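Subject: Structure handover

Hello,

Here is the structure you were to receive, with its sequence. My notes come after it.

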Amino acid sequence: MELVNTISQGVLLGGLFALYALGLSLVFGVMRIVNIAHGDLIVVLAYIGLTVTEFLGVSVIVAAPLILVVAGGLGWVLQRGLFEFVPRHDPLIPLLVAFGLSIILQNLLLMGYGADPQKLSLGRLEQASVEILPNLHIGVFSLIIFGLAVAMIGGLQLMIYRTGFGRALRAVSDNEANAAMLGLDTRAIFRKAFVIVMLTVAVAALLMAIRGNFDPASGSTRLLTAFEAIVIGGLGSMWGTLAGGVIIGIAQMVGAQIDASWQVLAGHLVFLVLLFLRPSGLFPKNDG
Amino acid sequence: MQPLLELREVSKSFGGIEVFTDISLELAAGTRLGVLGPNGAGKSTMFNLISGLHRPSGGKMIYQGQDLTTMKPWTVCRAGIGRTFQIPQPFVDMTVLDNIIVGCTAGAGLNLHEARDRATEILDLTGLGDHAGKLARDLGLLDLKRLELAKAAAMKPKLLLLDEIAGGLTEAECGTLLDILNHVTGRDTAVIWIEHVVHALTQFVDEIAVLADKRIITRGEIDTVLANDEVRQLYFGAEEEV
């Protein structure tokens, strides 16, 4: 029963990893930018969450709509004020810009908040659990995280494959020059896409901040986990990313059972093994 | 009467390299103009300037009284200028139908229902009706050229820019393409067609312009231009009979 317990915890943790990865996957899929600063953006949003809840003196749930609005605005500003000016003909240039952004964000956070670990609180909900099977308890908050991950992936899939904006996104991602020439305002589409990306980042950030401690340097591990989830799942497949997250989550939980110091390492090892066995991921988008 | 499109002393250089120094051109509504010229003369660059993909280094471009010079590609498209690319540029991971719907909704401003009707109509006209649900990546060359033309024509442009759509096709396929072209472009559609396949071009256009030596060296009726000594020398080789 302990193994079942460990695996179920891993599965639920995988939902959080998939949430880390969604925005990263979208930015790469639509704009062809490898956003090295993605993890730091998650941490920035966690701090914004902290500030907003402390300033207003309300719970995260009450403050969430405001935080989402701020995140969306930040996404627009980042695209309009920074990435829009970055030439993308050479993938190295946006990569370096994102790297620079990552360093700037980390240092700004360090200046503003110091290096002490912080945490958001959700009160009793954090400890609440339900007994699904005899002796198998599942944290309510973990279930919420996983449910949100599934809902957001489903929502994004619907948006991408069932709406006009989604068709425009796919077109721009497929062939930008052609899209522009067929009347799609690619600049406006990129701005909207970055707003959506930051909304996913905000959700991931708040859940991360409630689940455990974070500090200005927490971004890089989130970025790494997000990358691993995407690569295991196969580029461009969001359900694959969820599967990738779940695999890393299970590996971490099983690793932690062996020894606490094995938790993170086990995730990376499983990633390496899968990368070796299935270099194009479990659910590659195209066979060719 | 005001021309549909007017280029005034348009020049373009990339870095220090001049592509052309002076393109001046007027095009009346409904005119079909063929453009000949050696490789590297800047024919495709001219299209890239008109369609807003690149900005000219000098000169002015006027379309229906509007200044095209600084317009973004999507604004140019919405103003009624459609184009095809020399190397077909489909959305490879989208279906043939969706490829066309994109232009009909974004470029021509149709709602989804109208766009679907228009796309189905143009797919039948271009002979792609059976491929509507196929991914564009699975099409052969002739079908890709059909799709390229269908995408541009579906928006019912006032000005259609065709970039070597007959290149790489067999003579029979050229004939098919010409039929399609006649079906999808009404007599009120102005066309500028860059082409090396002269026999295809002459069956469709009213006039021919020749782009060489960084400028338009001559323009006029088909027979006059093709008989021009300078053109024969430059383009066909002096000795060759046309």
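Predicted model: local features only at pLDDT ≥ 70, side-chain atom pairs only at ≥ 80, totals over all residues.

Chain B overall

Chain B contains nine helices and 10 strands. Its C-alpha trace spans about 50 × 40 × 35 Å along the principal axes. The radius of gyration of chain B is 18 Å, and a compact globule with 242 residues would be near 18 Å, so the two agree. Of the 242 residues in chain B, 46% are buried. Among contacts in chain B with a separation of 6 or more, 65% are between residues 24 or more positions apart.

Helices H3(B) and H5(B)

How do H3(B) and H5(B), the latter covering residues 141–154, cross? Their axes come within 8 Å, at an angle of roughly 30°. Angles under 35 degrees count as roughly parallel, and H3(B) is therefore roughly parallel to H5(B). The crossing of these two helices is right-handed.

On the H3(B) side, the residues that meet H5(B) are Val96(B), Asn99(B), Ile100(B), Gly103(B) and Cys104(B). Their partners in H5(B) are Leu147(B), Ala150(B), Lys151(B) and Ala154(B). Sorted by class, this contact has six nonpolar residues, two polar and one charged.

Where chain B touches chain A

The contact between the chains involves 21 residues of chain B and 15 residues of chain A. Two helices of chain B, H2 (73–78) and H3 (96–107), each supply at least two residues of the side that touches chain A. Which element gives the largest share of that side? H3(B) does, with seven residues. The side of chain B that touches chain A is made up of 11 nonpolar, five polar and five charged residues.

One residue in chain A

Val70(A) sits in helix H3 of chain A, which runs over residues 60–81. Is Val70(A) buried or partly exposed? Val70(A) has 18 other C-beta atoms within 10 Å. A buried residue needs 20 or more, and an exposed one has 12 or fewer, so Val70(A) is partly exposed. Leu199(A) lies 129 residues away from Val70(A) along the chain, yet their C-alpha atoms are separated by 9.1 Å.

Regards

Conventions. Residues numbered from 1 in each chain as written. Chains lettered and ligands numbered in written order. Contact = placed C-beta atoms within 7 Å. Helix = DSSP H or I, 4+ residues; strand = E, 2+ residues; numbered from the N terminus. Nonpolar A, V, L, I, M, F, W, Y, C, P; charged D, E, K, R; others polar. Axes fitted to C-alpha atoms, helices over the stretch in contact; angles between N-to-C directions. Parallel < 35°, antiparallel > 145°, perpendicular 65-115°, else oblique. Left-handed = near helix turned anticlockwise from the far one by under 90°. Rg over C-alpha atoms; globule rule 2.2 N^0.38 Å.
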